[in-house]
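I plan to go through its parts, the contact between them, and the pocket.

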Amino acid sequence: MFLYYFTLTVGAFLVISAIIAFIAMYYNEEFTILNAGKACGTFLLGVLLLVVTLPSLKYVMLKEYDVVSGKCVIDIYSSGRSSATEFKMLDTGEMFTFDDIPALDAYGKSIPYYCEVTVTKDHMFEIGYKIYDVKTRKLIVTSE
């Protein structure tokens with residue numbers, strides 16, 4: 001959820017700062033191509049971030065989530081200091097990415113599990129996950 005709120009905040013900040021830059025250029029009568037290009041680029045980037053995040057805002061604010069469940073395979077990717085966990089749902093073919101790495105050392109990472117992934121209703125942003133043993137349905141790890 002941190003990534004969602006961060007993206008929303010950055011998008012709003014970029015749009016507001018671009019509008020302020022356009023107003024400052026208008027009052028100072030300094031319309032250079034470089035300044036106008038920077039302001040337009042900032043505005044377009046901010047609008048792009050808002051277009052990605054605003055449709056899910058209703059679901060995040062009202063806490064309307066879907067739970068996608070079924071067999072899954074968990075892949076862990078690391079590069080440098082960052083790492084991510086990817087849940088590949090075998091039944092639906094959907095993939096979900098989380099920043100934290102579940103502690104699955106005793107079980108293994110590439111074997112099938114039974115997973116419940118909580119996402120927004122439009123399946124754009126991941127909220128949390130629960131990993132169960134595929135045979136016994138015993139809870140192994142949760143993100144909460």
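Which domains does the domain assignment of the chain give? I read off domain 1 (1-62) and domain 2 (65-142). I note that this is a predicted model.

**Entry: the two domains**

I looked up the separation next. The centres of domain 1 and domain 2, taken over C-alpha atoms, are 33 Å apart. Eight residues from domain 1 and eight residues from domain 2 make the contact.

I then checked the buried area. Between them, domain 1 and domain 2 bury about 690 Å². Carbon and sulfur atoms carry 71% of that area. On the domain 1 side, I find that Met-1, Ser-56 and Tyr-59 lose the most area to domain 2. Together these three account for 61% of what that side buries.

How many salt bridges does the rule find across the interface of domain 1 and domain 2? I count zero there.

**Entry: the largest pocket**

I turned to the largest pocket. Its volume is about 350 Å³. I list 13 lining residues. Met-1, Thr-97, Phe-98, Asp-99 and Glu-126 lie nearest the centre of the pocket.

I sorted the lining by class. Seven residues are nonpolar, three are polar and three are charged. Helix H1 (2-28), strand S3 (95-98) and strand S5 (126-132) each supply at least two residues of this lining.

Why does the largest pocket lie between domain 1 and domain 2? Both domains give residues to its lining, so I place the pocket between them.

**Entry: Pro-55**

I looked up Pro-55 and found it in helix H2 (residues 33-61). Leaving out residues up to four places away in sequence, Pro-55 touches Leu-50 and Asp-122. Pro-55 and Asp-122 are 67 residues apart in sequence. In space, I have them 8.4 Å apart, C-alpha to C-alpha.

**Entry: salt bridges**

I searched the whole structure and got two salt bridges. One of them joins Lys-121 and Asp-66, with the closest N and O atoms 3.6 Å apart. Lys-121 lies in the loop between strand S4 (113-120) and S5, and Asp-66 in strand S1 (residues 65-79), so the pair ties together parts that are 55 residues apart in sequence. As a reminder to myself, side chains of opposite charge can pair when their charged atoms come close.

Terms used
Residues are numbered from 1 along each chain as its sequence is written. This is a predicted model: local features need pLDDT of at least 70, side-chain atom pairs count only at pLDDT 80 or more; totals for chains, interfaces and linings use all residues. Side-chain values use heavy atoms; hydrogens and water are left out. On a 1 Å grid over the protein atoms alone, a cavity is a set of points where a 1.4 Å probe fits but cannot get out, and a pocket is an open set with protein on both sides within 12 Å along at least five of seven lines; lining residues have an atom within 4 Å of a point. Grid points are joined across faces, edges and corners, and a volume is the space filled by probe spheres set on the points. Helices (H or I, at least four residues) and strands (E, at least two) are DSSP runs, numbered from the N terminus. Ala, Val, Leu, Ile, Met, Phe, Trp, Tyr, Cys and Pro count as nonpolar, Asp, Glu, Lys and Arg as charged, and the others, Gly among them, as polar. Domain bounds come from an automatic or database domain assignment. Contact means heavy atoms within 4.5 Å. Buried area is the accessible area (1.4 Å probe) that two parts lose on being put together, summed over both. A salt bridge is a side-chain nitrogen of Lys or Arg within 4 Å of a carboxyl oxygen of Asp or Glu.
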